[in-house]
Amino acid sequence: MAAWINGNAADTDAAVDAAATLLATARTPVFAGLSAELAAIRAAYRLADRIGASLDPAAGDGLYAELATIAAGGALTTTAPETLGRADTVLVIGNRPWAGDLVAEVAGSKPVRGRAAGEERSVLSLGGPANGASRHVAYGIGNASLDVAIGHLRAFVRGNLAAEEAFGELAKRLAAAKFGVVIYDAGEIGEAGTEMLLGLLKDLAETTRFFALPLADPFQGRAVTQLSAWTTGQAPRVGFGRHMPEHDPWRFDSARQVAAGEADAALWLASLPSPRPSWLGSLPAIAIVGEGSADARPETAEIVITVGVPGASAGGSVWNERRGVIGYVEATGHAVADTAAGVIAGITKNIEKKGASC
Amino acid sequence: MSILTLRSEPVERIDLLNITPLALSKLSEAEAGKLPVGTSRRGLTLGDVFAIKLDGSDSLVFEGGSARLDRVGAALSEGSIRVEGDVGQRLGDGMAGGSLTVTGSAGPFAGTGATGGTITIEGDAGDNAGGAVYAAKAGLDGATLIVRGSAGDGLGDRMRRGIIFVEKAGARAGQRMIAGTIVAGSVGDEPGYGMRRGTIVAGSHGTLLPTFAETGTPDLVFLRLLARSLAHLGAGHAELLKGTMRRYSGDLATIGKGELFTPAG
């Protein structure tokens, strides 16, 4: 365990006390990152409620590309196990899905249950790598963006465009599916593209079964979304300045708040790996980071406190992408004494002791 | 004419929902000064942010503006509001009637959900002017939105009714439009992405989507009627409509009942 205040080594209690002083005197504090185990995220929401801070997860933009679309029009979704078990046609959009191992597993197996059981599986890609390691048929998009290409494909699926070109053939393949799935990352295709894609799936569902399998972000955004929903009734970007949780994705965008000079203190929570905000050094800030991480150093912020890393040096509940749920992971190595949740609870207790007028 | 004079640049975002001539007409200046408008734990009131002078009329002027003044004219149903300066997000949010004028520039989502009245921005508008906010079914919903300067990207995103009149718009103007009319001196790339119905008239445009199909240069009575109805809004590019216009139909990715008109010459 290590902690630093203004670049100087300190013990954790002193750093917690300094963090409490900083937050108690702030007018508009922001909490960013939230890439951490569930207990720490919960503690962050409680502390934000106590002092009137706003919260913004590292996964914010990608998360809202999906949330905004679902909130406006709903979605037909499925899970990875259902895809592996039932899908005879899988369309992979963009590059991000190829970074994990799901596509390779999909390409290397056949449906084993449902209407397509025992048949070969077609793996198709739109705007992804032409020569991936997995067996698939690639459809290029030229210079078009992914969302424009999805719209173009949808026009063929709806029958509003017809020609002997690649998208015409792809549309026929999709329409012929018995159980189809589209794998994509909402952050990569954007909000408008996600809405267009979900509309495409609804069009296909008029005559067959076609579902969305959106990939989770790697920064615990889905866990934050669930916790925020059961804690505040809102999606993650909420502020407690007026003694109630207010949801506003634009107002509580932490990068915007800092750039506009509205925030006067920040707490960056990243016990799990997360990209450090470029603005972190521009205002008084507290960084709660994983022990041994690249950001566990005195220059990261005015106050830096290192904590256990869930699944490595601490246990904790985190998002399980494969199962699509929050699950507990044990510490695999030597467990450290301080957890992110404990540190944030300590800051909260200290602020209460100081009697901040919150 | 009631006057709210900005004391200084606000230290936090200010929420002016319900600060309308009608609401203030029932209050004394002391009572109005106690209305909460701050968004932090400091509990700022209207009197902390503005010097207040009320006369009970249906006309309200903000002397001094700021990009931190949110929801100016939200819920306005009658009378007029004039802001001498800039405003923040959601200008005229849900406005039902009356007149709202900003002499400076506006933040994002100006006119969102506005069902009636006229909103005029003498300067520039941010992104998503006339567009829908998170989870809302529609953006502009019947009001008239006039932007004398430039508007950002996503102008009229998911708008359902009403007219937007703008000098210059950014990319994706008319994105996901449900219905309504946008008239612009120019629009950026990919206008009308995902639009279902509605009309976009643009003096010039950026890259068109592959899902818009040219349908010729029809001589439509509708365009001449539109030009006549827009003439009183005082913008020169309504004249565009009197010339020959090329029509594109789209977005064919959706039901494709929208249309984009641009000069044929």
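In chain B, 42% of the contacts with a separation of 6 or more are between residues 24 or more positions apart, where a contact means heavy atoms within 4.5 Å. For chain A, 65% of the contacts between residues at least 6 apart in sequence join residues at least 24 apart. Keep in mind that this is a predicted model, so to speak for local features a pLDDT of at least 70 is needed, side-chain atom pairs count only at pLDDT 80 or more, and totals for chains, interfaces and linings use all residues. Residues are numbered from 1 along each chain as its sequence is written, chains are lettered from A and ligands numbered from 1 in the order written, and side-chain values use heavy atoms, with hydrogens and water left out.

**Chain B overall**

- Chain B has four helices and 15 strands; these are DSSP runs numbered from the N terminus, with helices being H or I of at least four residues and strands E of at least two.
- Its radius of gyration is 19 Å, close to the 18 Å from the globule rule for 265 residues, so chain B is as compact as a globular protein of that length. The radius is taken over C-alpha atoms, and the rule is 2.2 Å times the number of residues to the power 0.38.
- Along the principal axes, the C-alpha trace of chain B spans about 65 × 35 × 25 Å.
- Of the 265 residues in chain B, 59% count as buried, meaning under 20% relative accessible area, while exposed is over 50% and partly exposed is in between (1.4 Å probe, protein chains only).
- Carbon and sulfur atoms hold 49% of the accessible surface of chain B, which comes to about 9,500 Å². Areas come from the Shrake-Rupley method with a 1.4 Å probe, and for residues only the protein chains shown count as cover.
- Chain B carries 27 positive and 28 negative side chains, and the centres of the two sets lie 6 Å apart. Lys and Arg count as positive, Asp and Glu as negative, with His and the chain ends not counted; each charge is placed at NZ of Lys, CZ of Arg, CG of Asp or CD of Glu.

**Backbone spots in chain B**

- B:Gly250 and B:Asp251 are joined by a cis peptide bond, with omega about -10°. B:Asp251 sits in the loop between β14 (245–250) and β15 (258–263).
- B:Asn128 isn't a glycine, yet its phi is positive, near 60°. You'll find B:Asn128 in the loop between β8 (118–121) and β9 (141–150), buried at a relative accessible area of 19%.
- B:Arg158 also has a positive phi, about 60°, without being a glycine. B:Arg158 lies in the loop between β9 and β10 (161–168) and is buried at 10% relative accessible area.

**Chain A overall**

- Chain A has eleven helices and 16 strands. With a radius of gyration of 23 Å, close to the 21 Å that the globule rule gives for 358 residues, chain A is as compact as a globular protein of that length.
- Of the 358 residues in chain A, 55% are buried.

**Domains of chain A**

- Five residues from domain 1 and seven residues from domain 2 make up the contact.

**A:Asp185**

- A:Asp185 is in the loop between β8 (179–184) and α8 (186–204) of chain A, buried at 14% relative accessible area.
- Leaving out residues up to four places away in sequence, A:Asp185 touches A:Arg96 and A:Leu215.
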